[in-house]
Amino acid sequence: KTTNDIQLQVTNLNNIGALHYERYEFQKSLDCYTRSLALLENTGEKAVAGTIYMNIGNIYLYIGDALKRANDRMRSNQYYSKSLQYFNQALKLAKESGDVNVLANSLGYLGDLYMSLNLYSKAEVNLKQSLAYAEQIGDLGLIKLQHETLSKFYSEIKKYDLSLLHYKAFVSARDSIFNEENTKKAVRLEMNFEFEKKAAATKLEQEKKEAIAIAESKRQ
């Protein structure tokens with residue numbers, strides 16, 4: 001198989017895996033991601049592999065949290081352990097490939113994991129690092145998410161001044177995204193209006209030409 005064939009298969013598997021995840025079909029999602037990793041094994045595509053490891057880690061984190069809420073501590077800890085392994089592998093590959101996006105997201109997920117494990121000092125370090133990388137690459141969505149998570153985190157450990165600080169930053173980021181989306185929407189509407197206006201003018205001009213041509217034809 002050529003590199004392009006492998007990349008196409010990996011992309012398709014990852015997209016299908018994401019769809020299964022959204023439907024809470026975790027085993028099917030894991031199967032897709034595992035097949036992707038097998039295909040990537042000898043390609044050296046560290047950035048893509050890092051993303052897949054992160055996605056698998058997130059699935060195990062989600063299941064671990066669900067088991068924790070069901071008071072099944074033993075099984076939840078088993079899934080948390082798997083989640084930690086995959087997040088660490090994602091971080092390793094992200095650093096090697098220089099993929100700051102995967103690095104920022106993996107650190108954020110690690111922060112979530114440590115919060116679930118009540119390891120608050122580790123959670124704080126990872127969440128703050130994730131926020132720093134998100135700000136470095138200008139990812140407003142991740143900036144918003146991490147400010148929101150840090151606000152909840154500091155509220156949980158009763159540092160309410162810091163919780164309020166991050167909540168305000170979360171609201172600011174959320175408003176920025178809202179304004180940016182509205183600006184883009186306004187630009188699209190303006191472009192559509194201009195296009196329709198030009199199309200109408202062109203149609204009117206064509207109709208005039210046709211009318212003149214018909215009149216000329218009648219006179220002849």
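How many aromatic pairs does the structure hold? The structure holds twelve aromatic pairs, where the rings of Phe, Tyr and Trp (its six-membered ring) are said to pair if their centres lie within 6.5 Å, with planes under 30 degrees apart counted as stacked, over 60 as edge-to-face and the rest as tilted.

The model is predicted, so local features need pLDDT of at least 70 and side-chain atom pairs count only at pLDDT 80 or more, whereas totals for chains, interfaces and linings use all residues. Residues are numbered from 1 along each chain as its sequence is written, and side-chain values use heavy atoms, with hydrogens and water left out.

One of the pairs joins Y21 and Y62, whose ring centres are 6.4 Å apart and whose planes stand at 75°, so this pair is edge-to-face. Because Y21 belongs to helix α1 (residues 3-22) and Y62 to helix α3 (residues 46-69), the pair ties together parts that are 41 residues apart in sequence; helices here are DSSP runs of H or I with at least four residues, strands are runs of E with at least two, and both are numbered from the N terminus. Y21 is partly exposed, at a relative accessible area of 24%, and Y62 is partly exposed as well, at 32%, given that buried means under 20%, exposed over 50% and partly exposed in between (1.4 Å probe, protein chains only).

Y62 also pairs with F26: their ring centres lie 5.2 Å apart with the planes at 50°, so the pair is tilted. Since F26 lies in helix α2 (residues 26-40) and Y62 in helix α3, this pair ties together parts that are 36 residues apart in sequence. F26 is buried, with a relative accessible area of 15%. Together with Y24, the residues Y21, F26 and Y62 form one aromatic cluster.

A ring can also face a charge: the charged end of K82 sits over the ring of Y79, 5.4 Å from its centre, where the criterion is NZ of Lys or CZ of Arg within 6 Å of the ring centre and within 35 degrees of the ring normal.

Turning to the whole protein chain, there are eight helices and zero strands, and buried residues make up 32% of its 220 residues. Among contacts (heavy atoms within 4.5 Å) between residues at least 6 apart in sequence, 52% join residues at least 24 apart.
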